[in-house]
Amino acid sequence: MSTRQTLRAGVLGCGEIGRRGHIPGFQAAGIEVVAVCDTNLPRAQTVAKEMHVSRAYADYKELLADPDIDVVSVGLPNVLHAPVTIAALEAGKHVLCEKPFATSPALAEQMIAASRRAGKMLSINQHLRFEGSSRAMREAVAEGRLGHVYLADVRMIRSSGIPGYGSWFTNKDMAGAGALYDIGVHMLDLAMFLLGFPKVTAVRGMLSSALGEQKIGLGGWGIDRGTSGRFDVDDTAIAHIALADGGLIRLIVTWAAFGASEERVTLFGTQGGADRSPDRYGRDTPLRFYQAGKGGMDAVIPDLSRYPSGGASASIASFISAIRGESPLMVKPEEALQTTRILELIQQSALSGREIAA
Ligand SMILES: NC(=O)c1ccc[n+]([C@@H]2O[C@H](COP(=O)([O-])OP(=O)(O)OC[C@H]3O[C@@H](n4cnc5c(N)ncnc54)[C@H](O)[C@@H]3O)[C@@H](O)[C@H]2O)c1
């Protein structure tokens, strides 16, 4: 590790998120990406050439040994997040890991311990937190404008969104879980963020793989996707998460469903409500606040223009700012550990068919 003032990045994984999210995100933040890595070396070399990156490695250990690199992103299949993140921290790099943070709470704890030992920053690309609508909802909750939020209803329904039959996404040994880890973690993290990471008391979960097993619902994501091959993960995850303050998070996510695609976050509070639905209200003004009015409930369209735009670029810019000490870390690994514990409880509950105490 050098003592240069200028940060330089390495990107691990040249698949969809590495190419579309991480490299452009670092570059937009003014950080030079000096190396990329992918076991598919021709893929890494092509991406490096197209995106003005000077080095391409096939082995992540070679990239981690590169002294020019201060910060890395981990955009690899889920089961690699923990070992590669720990190796990167031990090599003295700051790490932005993809979601899901880890495939078990024990691994998440080891990642946090490695970050503390190394004195390097660790964060997770939970970029939905950076959307203007998420910021506005979080402010409303934190300022008490909604009163006590007794229900956070979060859903991401993709009617045809299975990321390739036979890809790592649908292989339990590589992914750990399916829709639960792919999109469930996004919506769960968002709900927990909006509510200020409340204490959870019990979880009831249900997982289904009925459409995936029929090989229907194929979607567009996944660089190595096929139309046949192994599928042994969930395509749907549903959970009721009971909170110590008496509230509830209801989570519904699915990669494939006989129903319309929808992404929605609704907060029901004792003094007001919030509803984020790009499908219902349009992408430009996706959020409504609800408050008591003369004739019943008034819907208010908030001005989101004062919030910076979201996405992976906002998440990466925020992480870089935290490394430089210019702002606090927005996505803390301890929060991701809490989310990882809930994801495990959802799986345990689904297996046992019972509610599990947290
Ligand atoms: N934050 C988000 O919104 C978001 C969006 C998409 C994906 N992701 C996450 O990013 C990760 C990658 O997803 P993706 O869609 O880019 O997958 P992908 O299949 O498109 O890309 C993964 C890449 O990793 C490479 N790879 C596999 N094993 C490797 C190894 N040992 N060393 C180096 N390279 C290796 C593969 O060759 C492939 O190019 C997943 O954890 C996924 O959950 C996050």
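This is a predicted model: local features need pLDDT of at least 70, side-chain atom pairs count only at pLDDT 80 or more; totals for chains, interfaces and linings use all residues.
Which residue forms a salt bridge with K99? I looked it up: D182 does, with the closest N and O atoms 3.0 Å apart. A salt bridge here is a side-chain nitrogen of Lys or Arg within 4 Å of a carboxyl oxygen of Asp or Glu.

Residues are numbered from 1 along each chain as its sequence is written, and side-chain values use heavy atoms, with hydrogens and water left out.

Next, the domains. I have domain 1 (8-124) and domain 2 (129-308 + 339-357), with bounds from an automatic or database domain assignment. I find 3 salt bridges between domain 1 and domain 2. About 1500 Å² is buried between the two, 61% of it on carbon and sulfur atoms; that is the accessible area (1.4 Å probe) the two parts lose on being put together, summed over both. E16, K99 and P105 supply 33% of what domain 1 buries against domain 2, more than any other three residues.

Then I checked D234. What I do find is the D234 side chain reaching two backbone nitrogens: that of A179 at 3.0 Å and that of L180 at 2.9 Å.

Definitions and conventions: A polar contact is a pair of N or O atoms within 3.5 Å; within protein, one must be able to donate a hydrogen and the other to accept it, and residues adjacent in sequence count only if both atoms are side-chain atoms.
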